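Hello,

Here is the structure I promised to pass on.

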Amino acid sequence: MNDEVVSYEIRERVGIITLRNPPVNALAPGMREGIIDLVKAANENPAVDAIVLTGAGRNFIAGADIRQFGKTRAVTSRTSAAAIEASEKPVVAAMDGYCLGGGLEHALACHHRIATPAARLGLPEIKLGIIPAGGGTQRLPRLIGAAAALDMILSGRQAGADEALALGLIDEIATGDLVAFAAGVARRIALERPLRKTSALTAWRTADREKPEIIEMARQAAARKKSPLKAPGYAIELVAASLSVDVDAGIALEHDRFSELEDSDEAKALRYAFFAEKTAGKIPGIAKPPAGDGVRSAAVVGGGTMGSGIAIAFADAGIPVKMLEATPEALKRGMERIRSTYDARIRRKRLTPAQMQERLARIEPASRYESIGDCDAVIEAVFERVDLKMDIFGKLDVVMKPGALLLTNSSAIDINVMARATKRPGSVAGAHFFAPANVMKLCEIVAGDATTIDTLGRAAAMGRALGKISVVAGSCDGFAANRSRAPLVTEMMLLLEEGALPWQIDKVMMDFGYPMGPFAVSDLSGLDVSYDTRKRRAAADPDYRKLHVPDRLVEMGRHGQKNGAGWYRYENNDRTPRPDAVVNQVIADIAREFGIPQREFTDEEILHRLLFASVNEACKIVDEGKSFRASDIDAMWLNGFGFPRHRGGLMYWADGIGAPAILYQVQAWHERYGKRWKPSPLLARVAGENGRLREAVAPETAFLPSLVPQPSTHSTK
Ligand code: T1G
């Protein structure tokens, strides 16, 4: 037994098994073995009447150690869980904090479950493209019913202690010291027989067998979702099996399905994505800022679409926020935007009126700069006009307390411009949210030349406190996220001039896994929005390659969904995009006007033109040190641009093709289309070493000296 990860003590005839693998007690090698050995020892020890299983620190078990996937495991969770259930003395699970995946499955095998009010219980395996493998698909339906089990397994969501008690997932909520409480319960039930084995429970099974619609509805819902993963279908099959076959046969089937999924491409990509997001928040050279140093109060300057969304994000996270606007009318509009967002959530039953009031109470409208001075952080979210932003930062420099974070939500303007408008440029950084700011998970933390590590660390922690994935980037045109995506947009527009059609390109991207095609997304956000940006760029850069088709559509008054026509046409407020012959004609006219030969495109060529352009640019961004790691770009694309998660991310996907093949194609397009396809030196280097693009990191010299990254530790074998 490895006593580094498992410890044991006997307290008044109760054996206490404590698992330890900080910070979340993921099931590391030695833990399952320890459980089996100690349950056996306790059963053979006449001085022990009952057993308590618990986790050290503030968590029970957050599941199997994801780093161990793909490796041989001496003992699996189904074996150690079976050992618990087979115990002749009662085993009580004492759960605090996270009790997820294999952790919950061990608790399900216990004979009694106690949790603290802070416990979070769930089976999130589906988010990793797998299914529970420790008997969860067989024991959970027996304990809480097939419908509730399907909801938890297919959503991967966490249930709090109150809900878990209501579901019957736990038996009691502990008061006072958890282990002492659990030991008391263990003594209370020590002599009760027969033991309450979850596998032997029949009440729900008998009832659910009379309701075949439970499984049928789950199958239909899964069919509508069209998930690219096999896991949801297997999970439904296994819960259905839990109603008809005995638990051992069910667990054997579960093991077969899990073994198939564990090494699937999708599961590997999802594991990579999990760790890429965890690593993205790390800033080389600094540990996570001390918890107490977080942002506990904030202000937003500007109550427009982005400003009001950011204010909602703070209120949702429980952080009081002041929203400042220049005029009472604008403030009123901003607060109305917030109310209507909450009303929509209530209509979709995602919020109760009481919760809405609670959150609204955290949002304070403000009209004077002086009134926000005491906030820990301020985020400017006004129009993208340099003069306006410099004026605002000048004012913030005067009113904000020392040490406050001075942040901008700009998506394009150089952070140094705002920093120079203050006497404390070290406190200025970008906190770039993606629309809708209260929904999209990406928060791009942008460093200016003078931004201090402390400012970056605290801003990144603020993003995490808002439930966002914080990813650091260096200030440059479009920062890292938009800059890496811009070449994709350019190629999709130029492909039109060469004969491809918007609906063909959208179909390619949806077949690839995007929820919506890029042209349908463009119609949603409005063609006129990017038109102004292009005009500004063309004015600033004579070499800027004009995008004739979108410019022509905007000049024809086609702004997208908002006025019923853009790349597609929309009928009677119906959001269904319909191909429009007018757009075909515009494309044909432009090709004729500019003498651009038209041709057919294969779906693969379209996909590669779009994504290779961004892979090449992402390599330039990392090479220039505007991003620490290539995996950070993946975290950005997954959480900012809806990149299909089961493909891992842009750079992870690129590795599936291989840097040499991508370089070869980029070089060919460089010869054909010119400098916009100039290969990145980093791409050439990685191709030369036949290396992995996702593991690329910024060269020592490139990033702000104090921020040079360490090689990333994770890779998916
Ligand atoms: N394995 C390995 N490392 C893990 C881990 C895990 N399961 N969970 C967390 N970590 C690391 C994480 O990378 C980070 O490391 C640190 O712990 C703190 O996490 C048999 C097959 C639990 C909700 O899917 O969702 O069980 O960055 O920063 O925001 O059927 O982590 O500090 O080096 O995320 O408070 C099922 C995955 C596995 C849970 C905590 N379990 N973890 O969030 O902290 S499959 C999961 C999470 C399974 C069984 C199957 C979250 C969290 P580092 P953190 P947090």
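Let me begin with a strand pair: β5 is joined to strand β7 (residues 120–122) by 3 bridges, and the two run parallel. Helices (H or I, at least four residues) and strands (E, at least two) are DSSP runs, numbered from the N terminus, and two strands pair if DSSP finds at least two bridges between them. Within this pair, Cys99 has Leu121 in β7 as its bridge partner.

Before going further, please note that this is a predicted model, in which local features need pLDDT of at least 70 and side-chain atom pairs count only at pLDDT 80 or more, while totals for chains, interfaces and linings use all residues. Residues are numbered from 1 along each chain as its sequence is written, and side-chain values use heavy atoms, with hydrogens and water left out.

The strands β5 and β7 belong to an open sheet of 3 strands, in the order β5-β7-β8 and with mixed pairing. Its edge strands, each pairing on one side only, are β5 and β8 (158–160). From one strand to the next, the twist averages 25°. Helix α3 (residues 102–109) lies across β5 and β7, at about 85° to β5; contact here means heavy atoms within 4.5 Å, and axes are lines fitted to C-alpha atoms, for helices over the stretch in contact, with angles from 0 to 180 degrees between N-to-C directions.

Asp96 sits in the loop between β4 (91–95) and β5 (98–100). Asp96 is buried, with a relative accessible area of 11% (buried means under 20%, exposed over 50%, partly exposed in between, with a 1.4 Å probe and protein chains only). Its side chain makes polar contacts with the side chains of Arg58 (3.2 Å) and Thr116 (2.7 Å). Such a contact is a pair of N or O atoms within 3.5 Å; within protein, one must be able to donate a hydrogen and the other to accept it, and residues adjacent in sequence count only if both atoms are side-chain atoms.

Some backbone details are also worth a look. The peptide bond from Pro22 to Pro23 is cis, with omega near 5°, and another cis bond joins Arg193 and Pro194, with omega about -5°. Asn25 is not a glycine, yet has a positive phi of about 50°; Asn25 lies in the loop between β2 and α1 and is buried at 2% relative accessibility. Asn690 also has a positive phi, near 50°, but is exposed at 58%.

Best wishes
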